[in-house]
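Welcome, and thanks for taking a look at this one with us. Please open the sequence and the structure side by side, and let us walk through a few of the features together.

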Amino acid sequence: MQIPRKEINPLWLLIGWLTVNLIQAAFSPLDADETYYWMYAGDLAWGYFDHPPAVAVLIALGKDWLPGSLGLRFGHVLASTAMMAAMWHLLAKPQGKMLWLAAALVFAQPFFNVYGFIATPDGPLLLFSVLYLLAYRRFLSAPSITNGALWGLTMAGLLYSKYHGVMLIFFTVLPYLFWLLRQPGAWVAALGGAALFAPHLWWQYSNDYPSFRYHLSGRDDAYELKFTLEYLLNQLVIFSPLLTYHYILTFIRDRPETERFAVACRWLVIGFLIFFLYTTTKGGTEAQWTALLSIPLVYLLFRAVTGRFIVWQSRVFNLSIITIGLLIVARLLLIAPREALPFSKPFDHEPWTKELAERAGDRPVMVQNSYRLASLYQFYTGKPSWTFTDVEYRLNQYDLWTADAAFHDQEVLVLGQKSWDNPQGIPFRTQTRDMLTANVDNFQVVKGIRLEPATALPEVFSRGKEVNVELSAIIPRSIRTDSGLPLRLFIIFHYPDGDILYWKLRPENFTELSSGERLFTYGAPFVVPTDLPAGAAEVEFGLGYTGMPPLRGESERFEIVVE
């Protein structure tokens, strides 16, 4: 296929992109994370447990005046359209035949299609990545104070989108760091961007740095070779796999030693890929973590095919058109009626949420260990739902919010994991998971309790020996431990390899916990189990519902040694 030579106004391509994504946004089912971020948007703040606030702001643009998934995704569709307009500027405003080639190359990027309508932090990240690169290119060619201020503004936008923005900034400035340190405009950019980002840092400080704690230490699994192999295979396919050969060839044969911005883009690609290759030593990675590399890869390849390697043009165009065709098929499958598909429709959560709503009636739904299921249920049914987090799951934004206090002493339907030890539990199936439900009268919300040893814990826990553990507790509301779903008190051991073990403590006078401060005393000291593994560990304390593990985050962790 030959590249069309007919002139086309780039505005028509932009309108086409906007229209397609508005239709896709309206008729594609929602991913669970999207409804989680929709919950963010109902409580706008300078930060959230998992991410900065840009995703919530974009969702808030449409959620209250447009229906369903279109309202949730409307802001992200606008951001994607603005990103495409910025890409046109990044590629030097191509016209005629080169515009068709640029459009094919850009529209063939899988991540641009995915985040053209899906509402996640990667949407604003892609937008501000292009704006950042535009501002940085402008500054490299004219390092003025004004250009520095614009560059700093895009830095703040990056960081408000996703913390990955730090690495985009780092790897692009690294090759010119010493030159930039001598430019007053660069200092304006750095200090101005930091000042604009200060409200989010204050939010982190006020909430004890939950995002930084999670991202820096919450993903630290034992190494497995599959983490590295999966990462490497992902990089070969996620940037339009038919074009991978030409990306690699561009890096090998097109070396822009004299063009500062192109060199910076090369450093960005290589640095990003190496950094996330390193992170595979600490756990699995997700494909979208390198999504923003679609931008410099498109720029470098387009620069090559319009410069030294004109002979590639027809081949790159045809490969892009084939990729676009495959992406269109995938898009159509997402909006096809479930009855027309020979397989289970992806992300089709509406049927099970309606079934659960019928089982719950007027009762709120409390979900064990799944902020995704809780937010999906609330979005699709409009009925209240919440989640609680035990030690076998990770903390999330619901653990920072306090609105679940409204469910205290109320009748609720608990949606528990299938491991819940409850003979009265009734099996329930979400789209992909087997769970249990049970009606609970007088559900006790215990989040917010803070436990700490009244006296210092010993540094060594000797197996088979007694340890005198007394706990002081700050209790936010009156709690009955034998009401609804009865509560137990636990001591919890965390090991460096990720193993978590816990045992019940048996305090005296544990039936009625009045609000305020109190001391838990015991009829007998805690005897360290003989089968507790030896070695360094951390100890924490927590309450837990009967048949479930203890809740997470109700005390600090204390370093000890088991011997």
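## Strand 11 and its neighbours

How many bridges join strand 11 to strand 12? There are 6 bridges, and the two strands run antiparallel. Bear in mind as you read on that this is a predicted model. Two of the pairings can be picked out by residue: Phe490 stands opposite Lys504 in strand 12, and Ile491 has Trp503 of strand 12 as its bridge partner. Between strand 11 and strand 12 the hairpin has 5 residues, and Gly498 in this hairpin takes a positive phi near 100°.

Strand 11, residues 487-494, also pairs with strand 16, residues 535-545. This pairing is antiparallel too, over 8 bridges, and here Ile492 stands opposite Glu540. Strand 11 is mostly covered, with 7 of its 8 residues buried.

## The sheet as a whole

Now for the wider setting. The sheet is open and has 5 strands in the order 7-17-16-11-12, with mixed pairing. Strands of a sheet pair through backbone hydrogen bonds, which may be parallel or antiparallel.

Which strands stand at the edges? They are strand 7 (460-461) and strand 12. Each has a single partner strand, so one side of each is left without a neighbour in the sheet.

## Helix 4

Is helix 4 mostly covered or mostly uncovered? It is mostly covered: 17 of its 23 residues are buried. After helix 4 comes Ala92, whose phi is positive, near 70°.

Which residues make the nonpolar surface patch? Leu177, Phe178, Leu181, Trp187 and Leu191 do, and the patch comes to about 550 Å². Helix 10 (177-181) and helix 11 (184-206) are the elements that give two or more residues to the patch. Helix 10 gives the most, with 3 residues.

Note on methods: Residues are numbered from 1 along each chain as its sequence is written. This is a predicted model: local features need pLDDT of at least 70, side-chain atom pairs count only at pLDDT 80 or more; totals for chains, interfaces and linings use all residues. Side-chain values use heavy atoms; hydrogens and water are left out. Buried means under 20% relative accessible area, exposed over 50%, partly exposed in between (1.4 Å probe, protein chains only). Helices (H or I, at least four residues) and strands (E, at least two) are DSSP runs, numbered from the N terminus. Two strands pair if DSSP finds at least two bridges between them. Patches are made of residues with over 30% relative accessible area and no salt bridge: like charges are joined within 9 Å, nonpolar side chains (Val, Leu, Ile, Met, Phe, Trp, Tyr) within 5 Å. Accessible areas come from the Shrake-Rupley method with a 1.4 Å probe; for residues, only the protein chains shown count as cover. A salt bridge is a side-chain nitrogen of Lys or Arg within 4 Å of a carboxyl oxygen of Asp or Glu.
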